[in-house]
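Me: I have just opened this model and would like a guided tour. Could we go through it step by step?

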Amino acid sequence: MTGPATGDVGERLEFSGTFGADGVTFPPTVITVTRKVVSPDGTVTMKGLMKLSPAADGSFSFSDTPTTAGEHTYNVTLAGGSAVEPTKTTTWSPSISRPRSIPTPG
């Protein structure tokens, strides 16, 4: 999976990736996206963000707009089965900052 290494609160982040190998056609299946946030004060929260269907080649993409600062970990899990490779998870961990305030002229 790929995505930004850093971002700001309120900034839309775009992620993409592929499960599988060249030439593999995926039957209909589900990808689950979850997000874990460790805030600057150490508070940990987890949230299920969405479920997606990968393209026939196993590729996927999604976006998220963080509302809090901290270390974010996005887990993307492919539900495995007999027709697809076993359950598989990929992760991406950007660091999210509060936007810098713009000084007002004065």
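Reply: Of the 106 residues of the chain, 30% count as buried, where buried means under 20% relative accessible area, exposed over 50% and partly exposed in between (1.4 Å probe, protein chains only). This is a predicted model, in which local features need pLDDT of at least 70, side-chain atom pairs count only at pLDDT 80 or more, and totals for chains, interfaces and linings use all residues. Residues are numbered from 1 along each chain as its sequence is written, and side-chain values use heavy atoms, with hydrogens and water left out.

Me: How many helices and strands does the chain have?
Reply: The chain has zero helices and eight strands. These are DSSP runs numbered from the N terminus, with helices being H or I of at least four residues and strands E of at least two. The pattern along the sequence is β-β-β-β-β-β-β-β.

Me: Which strands does strand 6 pair with, say strand 3 or strand 7?
Reply: Strand 6 runs antiparallel to strand 3, and eight bridges join them; two strands pair if DSSP finds at least two bridges between them. One of the partners here is Leu78 in strand 6, which is bridged to Ile31. Strand 6 also pairs with strand 7 (residues 88-92), in the antiparallel sense over five bridges, and Thr77 stands opposite Thr89 there. Strand 8 is joined to strand 6 by two bridges, again antiparallel, with Gly70 opposite Ile96.

Me: Which residues of the largest nonpolar core touch the most other members?
Reply: They are Met1, Ile31, Phe60, Phe62 and Val76, in a core of 15 residues. A nonpolar core is a set of buried Ala, Val, Leu, Ile, Met, Phe, Trp, Tyr and Cys residues joined through side-chain atoms within 4.5 Å. Two or more residues come from each of strand 2 (13-18), strand 3 (31-38), strand 5 (59-64) and strand 6 (70-78). Strand 6 gives the most, with three residues. In soluble globular proteins, nonpolar side chains tend to be buried together.

Me: And what is Met1 in contact with?
Reply: Leaving aside neighbours within four places in sequence, Met1 has contacts that include Phe15, Phe60, Phe62, Tyr74, Val76 and Trp92. Contact means heavy atoms within 4.5 Å.

Me: How many aromatic pairs are there?
Reply: The count comes to four. Rings of Phe, Tyr and Trp (its six-membered ring) pair if their centres lie within 6.5 Å; planes under 30 degrees apart count as stacked, over 60 as edge-to-face and the rest as tilted. Phe15 and Tyr74 form a tilted pair, at 4.5 Å centre to centre and 40° between the planes. Phe15 lies in strand 2 and Tyr74 in strand 6, so this pair ties together parts that are 59 residues apart in sequence. Phe15, Phe62 and Tyr74 form one aromatic cluster.

Me: Are Phe15 and Tyr74 buried or exposed?
Reply: Phe15 counts as buried because its relative accessibility is 2%. Tyr74 is buried too, with a relative accessible area of 0%.

Me: Changing topic, where does Ser95 lie?
Reply: Ser95 lies in strand 8 (residues 95-97). At 25% relative accessibility, Ser95 counts as partly exposed.

Me: What does Ser95 touch?
Reply: Not counting residues up to four places away in sequence, Ser95 touches Ala5, Thr6, Gly7, Gly70 and Glu71. The C-alpha atoms of Ser95 and Ala5 are separated by 6.5 Å, although these residues are 90 apart along the chain.
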